[in-house]
Amino acid sequence: MEDKNKLQEEIIKADLRNDEKMWKSLDEACTLNSFLEKMTKDELVKIAKKYSVKGITTLKKAAAVEKIKDVVLTKANIALESMEENTLKFVEELIKVNGLKKYKFDEVIYINYLRNRGLAFSGINDEEAFVVMPEELKEVISKQLNKEVRDKARLNGEIIKAMAGMVYYYGLCNFDLVKANLENIFGKTFEESYLNGLIANGEELGYDYVIEEKLLCHIDVEDVEGVLQLQEKAENDYYKFDKKSLIKAGKIDFVEENKQGAKIEKVLGEVFVIDKNILKDEMVGFIVAIKNEMEMQEAIDNFLEAYEIQSDEERNIFVHELELFAKSIRKWSLKGYTQDEVEKLKARVVNTVKIGRNDPCICGSGKKYKKCCG
């Protein structure tokens, strides 16, 4: 417990240090130079990396600031071309209000994203928090905001969501699988460097995956190696999702819905007085448990603990419905298939396999089928 408290204390301190960096007093000038001068050398290096610029670490602070300023002003188009739609909209809103926008809590992820590229900064003025686009950048970026950039941002957003959707359904995806699926559903070839950039942007913007070496992992996966091993054992290939389904599933905090899940929500809502949001959270918990290969009975018991069930008969009804629900959840170990779907696939294969009388017997004896099981 002491170690846990110490860890939490360190996390809080780190957050406070980060806040101090982000929310310094605003100067009247609000120039790019003035904002960069307030940044640490590490922060300047981070901006340089976004534009693939090297050699910043060897420079003195003043020289580093000057070089980063030139890079941002001359290569802002690179940052714009890799943005997804919502981030670009935030940039356009910022320009519409002449580069000074009151801070909103739900926009912090865009603020951090733009700050990491030297395009916008945050600060305090008269005890109010603002987001600021430096004077030199407003005109530079305004000139580049056109239909082509907006169309590219729309495509970037769709690709990031499609990737996040794959990770939602498969749990884990290597980059080759992601690239092949994207090229299939979008009907075009993508440069690996372009996709790698979007993958990193999606993680930075809080989509529900993390990058682990050459894998994209859903944030709820508890045992990466375990899921990989189960996927290798699975006889079926990856479930084929269409573009629309993946983009929908790629939204942040997405939760899959199906008829069986809706039925359970309805039944529980009729029998018990329960807050809908709490019920939603409990349903999500059950889905994640099943995806993480918790034993079905344990997951059901954990779910039903919150309810005062009056009789064995009533409990059996809920258990049965939850079993059906569990079998309808798309599982990571089954590469996006549900247990129901896999069982139907196996049954279909058995029913359609035709064996010739002179073919080797399916039992593996080495004899001809007509002289063995046939």
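**Close-up views of a predicted protein model**

**Figure 1. Pairing of strands β5 and β7.** Strand β5 pairs with strand β7 (residues 215-218) in the antiparallel sense, over three bridges. Two strands are said to pair if DSSP finds at least two bridges between them; strands (E, at least two residues) and helices (H or I, at least four) are DSSP runs, numbered from the N terminus. Asparagine 174 has leucine 215, in β7, as its bridge partner. In general, the strands of a sheet pair through backbone hydrogen bonds, either parallel or antiparallel. The structure is a predicted model, in which local features need pLDDT of at least 70 and side-chain atom pairs count only at pLDDT 80 or more, while totals for chains, interfaces and linings use all residues. Residues are numbered from 1 along each chain as its sequence is written, and side-chain values use heavy atoms, with hydrogens and water left out.

Figure 2. Contact here means heavy atoms within 4.5 Å.

**Figure 3. Lysine 138 in helix α7.** Lysine 138 lies in helix α7 (residues 135-144). Its relative accessible area is 12%, and lysine 138 is therefore buried (buried: under 20% relative accessible area; exposed: over 50%; partly exposed: in between; 1.4 Å probe, protein chains only). Apart from residues up to four places away in sequence, lysine 138 touches Ile95, Asn98, Gly99 and Met133. The side chain of lysine 138 reaches the backbone oxygen of asparagine 98 at 3.1 Å.

**Figure 4. Glutamate 293 and its partners.** Glutamate 293 is in the loop between α14 (276-291) and α15 (296-304). With 31% relative accessibility, glutamate 293 counts as partly exposed. Its side chain makes polar contacts with the side chains of lysine 331 (3.4 Å) and serine 333 (2.7 Å). A polar contact is a pair of N or O atoms within 3.5 Å; within protein, one must be able to donate a hydrogen and the other to accept it, and residues adjacent in sequence count only if both atoms are side-chain atoms.
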